[in-house]
Structure formats: C-alpha cells, structure tokens
Amino acid sequence: MSYQQKFRLDGERAVVTGGGRAIGLCCSEALAEAGAAVVVIERNEADAEQALALRDKGYDVEVRVGDVTDAARMDAIATELADGGRPASILVNNAGIGQSGIPAEELTDADWLRMMDVNLNGVFWCSRAFGRPMISMKRGAIVNLGSMSGHICNRPQPQTAYNVSKAAVHHLTRSLAAEWAHHGIRVNAVAPTYIETPMVVAVEANRERIPLWLADTPMGRMGTPEEVASAVLFLASGAASLMTGSIVNVDAGFTCW
Ligand code: NDP
C-alpha cells in the first residue's frame, strides 16, 4: 500500500461527537474527505445543519441527535449503526466544554460534576458504546480530544476542573489502549494548545489573556481547528497503524517551556 493510501478511509464509518462545530466540524470534514462515511452526534440544530452542509461538497455525512452524557442514547446509536450492518470503525471523542476561569474555591458541586460528566464520562460512555462493535469486528481506531491542559496548569486563568478532566482523558486513552490492543483497537489522543474556536474566543476575559498565552508559546500563535483535525485524521488512519496510547501534542511548542 502506498503512503498516500494509508491516509485513505474509504469504506470506513466514523462517528464524531460534537462534529458540527469548530474542531469537531473540521474533524468531520477531514475524515469525510479521506473517504469515510461520517455520523455526527450533535445536540443542537444549528450545529447539525453545519455538519449536514458538508454534503454540499459531496461528502457522506449523517447526523444523530444526542448528548454524550446520555450513556443509553450513545448505546442506542452504536447499536443502530451495528444492526444496520455498518458499525463505526472510527470514533472521535471531540465533544467537550470549557471553563471560563472560575477559581477552584468558587466552583460549585454542579460546575465540577458537569465538567466531569461531559469531558470525562461522555468520552467513556461513547468509547464503551462504539468500542463494543469494534471488539466484535476486531478492529477500530478511537481518537480523543485531550488538551495541553491535561499536561500543564495553564496560567493566568484558573481552570482546575477542565485541567483534571483532560488529564483523566489522557489516562483513559492509555488505559483503553492497553486493554483493547489485543482486540485490534487503537486508542490515541491529541493534546492541542489554544485553538481559535468559540470555546476560547467567545470568552470575553480571554481577550486580555491571549497576548500572555502567545508570549508563552514558542511558535507565538494559537492553532486553527484544521491543524487539530489533521492530527486526528492521521491517528484515525492506517498511517498511524503502530500508534496506540499516544497523546500527541498539537501545541505550537507550548509544553516545551
Ligand atoms: P466548541 O465549544 O467550539 O465545540 C464543542 C462541540 O461539542 C459543540 O458542537 C458542542 O455542541 C459539542 N458538545 C458539548 N457538550 C456536548 C454534549 N454534552 N453532548 C454532545 N455534544 C456536546 O469546542 P472546541 O471545538 O473548541 O473544542 C472541541 C474539543 O477540543 C473539546 O473537547 C475541547 O476540550 C478540546 N480542546 C479545545 C481547545 C481549544 O483551544 N479550543 C484546546 C484543547 C482541547 P453544543 O453546541 O450543543 O454545545
């Protein structure tokens, strides 16, 4: 197989959670452009419509409504795809929420639990739901959206809950990789720096923080959603056939300093 062919995903079915906006939308497009049939899981109509607009480019994209914190719904979608004869062979756990700089001492029980529910539990529910058919097929690739915040504690904004949720995603990635390697399933994560998406730029207080972040970044810039999607595509593809349990930094060198 040529190197170019290793990046192709023809005949594969991919699920992208939160795949209708920002990084997730770029992941959906990258996988679809590589030949995969993509199923986007979204909660709201506007994001669903953005995902479905990828069909205008000739891509095979469908949407299922669902919230990743609803384990039963994730099981139902996975079962529906498998019963239809085309289970997902690729899962991108992208859906996640951020935190707008709440000091730890002011975090409510609800703030903490919501963060863990979406960013950690959601990744596990989806991995378990879509991983079961992958175990039956004896093959699959899961790519999780971790973060450099899973490695370091960003400054100046406090974001303990987010950092902890992403560190847990990194270790969940390694744990599932170790457990499922013998089933032919690879599990990896990307750990991006600040990316220009609503999660970051829609937060008013971040305007003042951005120059500080850039001063801490060897490459001196934030990333784009497309740059994250490129790494996700690589990890999902046969080009990464020997990679599992890797947390791939996509961080402009942020974690070097
Ligand atoms: P956005 O907030 O722009 O998009 C997140 C997407 O996830 C939205 O489509 C959102 O849908 C969906 N989503 C959120 N919660 C749920 C849920 N419970 N069930 C289903 N879908 C949900 O985020 P980004 O594109 O910036 O981030 C994507 C991922 O990348 C996240 O996991 C994030 O933590 C990670 N990341 C982002 C970085 C950044 O700088 N932007 C840096 C490092 C990691 P809805 O509109 O319904 O909320």
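Tutor: We shall discuss helix packing, the ligand shell and some backbone details.
Tutor: This is a predicted model, in which local features need pLDDT of at least 70, side-chain atom pairs count only at pLDDT 80 or more, and totals for chains, interfaces and linings use all residues. Residues are numbered from 1 along each chain as its sequence is written.

Student: At what angle do α5 and α6 pack?
Tutor: Helix α5 (residues 109-137) and helix α6 (residues 160-180) pack at an angle of about 20°, and their axes are 9 Å apart. That makes α5 roughly parallel to α6. Angles under 35 degrees count as roughly parallel, over 145 as roughly antiparallel, 65 to 115 as roughly perpendicular and the rest as oblique. Axes are lines fitted to C-alpha atoms, for helices over the stretch in contact, and angles run from 0 to 180 degrees between N-to-C directions. Helices (H or I, at least four residues) and strands (E, at least two) are DSSP runs, numbered from the N terminus.

Student: Which residues of α5 and α6 make the contact?
Tutor: On the α5 side they include Asp111, Trp112, Met115 and Ser127, and on the α6 side they include Ala161, Tyr162, Leu176 and Trp180. Two residues are in contact if their C-beta atoms, placed from the backbone, lie within 7 Å. The contact of α5 with α6 comprises 13 nonpolar, four polar and two charged residues. Ala, Val, Leu, Ile, Met, Phe, Trp, Tyr, Cys and Pro count as nonpolar, Asp, Glu, Lys and Arg as charged, and the others, Gly among them, as polar.

Student: Is Leu176 buried or exposed?
Tutor: Leu176, in helix α6, counts as buried, with 23 C-beta neighbours inside 10 Å. A residue is buried if 20 or more other C-beta atoms lie within 10 Å of its own, exposed if 12 or fewer, and partly exposed in between, with C-beta atoms placed from the backbone. Not counting residues up to four places away in sequence, Leu176 touches Ser127 and Val187.

Student: What about α4 and α5, at what angle do they pack?
Tutor: Helix α4 (residues 71-83) packs with α5 at an angle of about 20°, with their axes 9 Å apart. That makes α4 roughly parallel to α5. Among the residues in contact are Ala71, Met74 and Asp75 of α4 and Trp125, Cys126 and Arg132 of α5. By class, this contact has nine nonpolar, no polar and two charged residues.

Student: And how far apart are the axes of α2 and α9?
Tutor: The axes of α2 and helix α9 (residues 225-236) are 8 Å apart, at an angle of about 45°. α2 and α9 are therefore oblique to each other. Their contact includes Ala22, Ile23 and Cys27 of α2 and Pro225, Glu226 and Val228 of α9. The contact of α2 with α9 has 12 nonpolar, one polar and one charged residues.

Student: Turning to the ligand, how many residues surround it?
Tutor: The ligand is surrounded by 29 residues, of which the closest are Gly18, Ala22, Gly96, Thr197 and Met199. A residue is near a molecule or strand if its C-beta atom, placed from the backbone, lies within 6 Å of it. The shell around the ligand has 13 nonpolar, 11 polar and five charged residues. At least two residues of the shell come from each of α2, α5 and α7 (198-201).

Student: What is phi of Ala22?
Tutor: Phi of Ala22 is near 50°, a positive value in a residue other than glycine. Most residues other than glycine have a negative phi, and most peptide bonds are trans. Ala22 is in helix α2 (residues 22-33) and is buried, with 21 other C-beta atoms within 10 Å. Lys138 is not a glycine and has a positive phi of about 65°. Lys138 lies in the loop between α5 and β5 and counts as exposed, with 10 C-beta neighbours inside 10 Å.

Student: Which peptide bond is cis?
Tutor: The bond from Arg155 to Pro156 is cis, with omega near 5°. Pro156 is found in the loop between β5 (140-145) and α6.

Student: Lastly, where is Asn94?
Tutor: Asn94 is in the loop between β4 (90-93) and α5. Asn94 is buried, with 30 other C-beta atoms within 10 Å. Leaving aside neighbours within four places in sequence, the contacts of Asn94 include Gly18, Ile23, Cys27 and Leu145.
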